[in-house]
Amino acid sequence: MLHVRSIWNGAISFGLVSIPIKLVNATESHSISFRQIHTEDGGRIRYRKFCELEDREVTQGEIGKGYEDADGTIIPITEDDLSSLPIPTAKTIEIVAFVPADRIDPLQMDAAYYLQASGAPAAKPYTLLREALKRSNKVAIAKFALRGRERLGMLRVVGDAIAMHGLLWPDEVRAPEGLAPDTDVTVRDKELDLADALMDTLGEVDLEDLHDEYREAVEEVIAAKAAGEAPPQAPAPATGGKVLDLMAALENSVRAARESRGEEAGEHAEVKSLPERKTARAAPKQTGGKKSTSTAKKTAAKKTTAAAKKSTAKSGQGAKKTASKSTAAKSGAKSTAKKSTAKKTTPRKHSA
């Protein structure tokens, strides 16, 4: 059971059924708060409230609400005035409809609260509403008044309790007009395939495993300075190469994500074709004979070595007549390397 102070007491109006409840905050902030100080001597900066007519500081108990009219006249508004508003939602969460949860735009979501049954008489109707929401697979849309204004709310079941999410009024949500790119963009299938591969590699995450690294870093700075030590320095930002195109960025992202998950970068063949296409495009730019020859030698050596490791069938092309496989592994690899180098180097020299 939550031991928190209720911020609102009233009732849920469910047709002719009234359910006494208490409204408590469902979330809490763990952000680190700072005080304003005078930088020269560390003195606290405080705000004091003065009455501009009497030119003196006033206490919190002397402060009330007032509405400023168009001509500057202040009209006092008391808590009694607000508590006796002639609307049904002043002290009641009035359910007005039940709708599927996907009808609610997440942009409308505001603060979250728990609705706590107030006293034994509320237990039965509270449980009735909770089970009705469960069975219908719907959420309840309600109206209520809080902090000087009427609001919308969405009631749903969380565990054995009923939670209410404050909702913005529809006219409080801005339309995303003019925010999308105003240029024609064509997305290729291969780009979508790589984006899908990246999404699959990143996979899902347990939200319980996520934590506020910024807050932890601030706490380390505070602890170090409190101990008279130098605060930890931020690591140097990674200086990655310039991204040439979207395909390269997607492929590098997929590779990095797989490596971070302990997977081999070459497990999936579909992302290996991009570097080969880039190499093929870059090959015509090499006009020097020496560069072409050295590149051909390195390529031939790598291909020959890989072929020798994968299977004796490929590596043994130059040693078909050799009787023993175990004694021919090394000699076959060397002879194949020489033959492969000669074969692959000659066409490159001829084309150069």
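Ala, Val, Leu, Ile, Met, Phe, Trp, Tyr, Cys and Pro count here as nonpolar, Asp, Glu, Lys and Arg as charged, and the others, Gly among them, as polar. On that scheme, the lining of the largest cavity has four nonpolar, one polar and four charged residues. The model is predicted.

**Largest cavity**

- The count comes to one cavity of 30 Å³ or more.
- The space in the largest cavity is about 40 Å³.
- Its lining consists of Asp110, Arg149, Arg151, Leu152, Gly166, Leu167, Leu168, Trp169 and Glu172.
- Strand 10 and strand 11 (161–167) each supply at least two lining residues.
- Strand 10 has the largest share, with three residues.

**Second largest pocket**

- This pocket holds about 460 Å³ of space.
- It is lined by 17 residues, and the closest to its centre are Glu79, Leu82, Leu146, Arg147 and Gly148.
- Four elements each supply at least two lining residues: strand 1 (8–14), helix 1 (79–83), strand 9 (138–146) and strand 10 (149–158).
- Helix 1 gives the most, with three residues.
- By class, the lining has eight nonpolar, three polar and six charged residues.

**Arginine 151**

- Is arginine 151 buried or exposed? Arginine 151 is buried, yet has no salt bridge.
- The nearest side chain of opposite charge belongs to aspartate 110, 4.4 Å away.
- The side chain of arginine 151 does reach the backbone oxygen of leucine 146, at 3.0 Å.
- Leu146, in turn, is one of the residues closest to the centre of the second largest pocket.

**Valine 158**

- Valine 158 also belongs to strand 10.
- Why is valine 158 classed as partly exposed? Its relative accessible area is 29%, and partly exposed covers values between the 20% limit for buried and the 50% limit for exposed.
- Valine 158 and arginine 130 are 28 residues apart along the chain, and their C-alpha atoms are separated by 9.3 Å.

Technical notes:
Residues numbered from 1 in each chain as written. Predicted model: local features only at pLDDT ≥ 70, side-chain atom pairs only at ≥ 80, totals over all residues. Heavy atoms only, no water. 1 Å grid on protein atoms, 1.4 Å probe; cavity = no way out; pocket = protein on both sides within 12 Å on 5 of 7 lines; lining within 4 Å. Points joined across faces, edges and corners; volume = space filled by probe spheres on them. Buried < 20%, exposed > 50% of the residue type's maximum accessible area, 1.4 Å probe, protein only. Lys, Arg positive; Asp, Glu negative; His and termini not counted. Salt bridge = Lys/Arg side-chain N within 4 Å of Asp/Glu carboxyl O. Polar contact = N/O pair within 3.5 Å; in protein donor to acceptor, adjacent residues only side chain to side chain.
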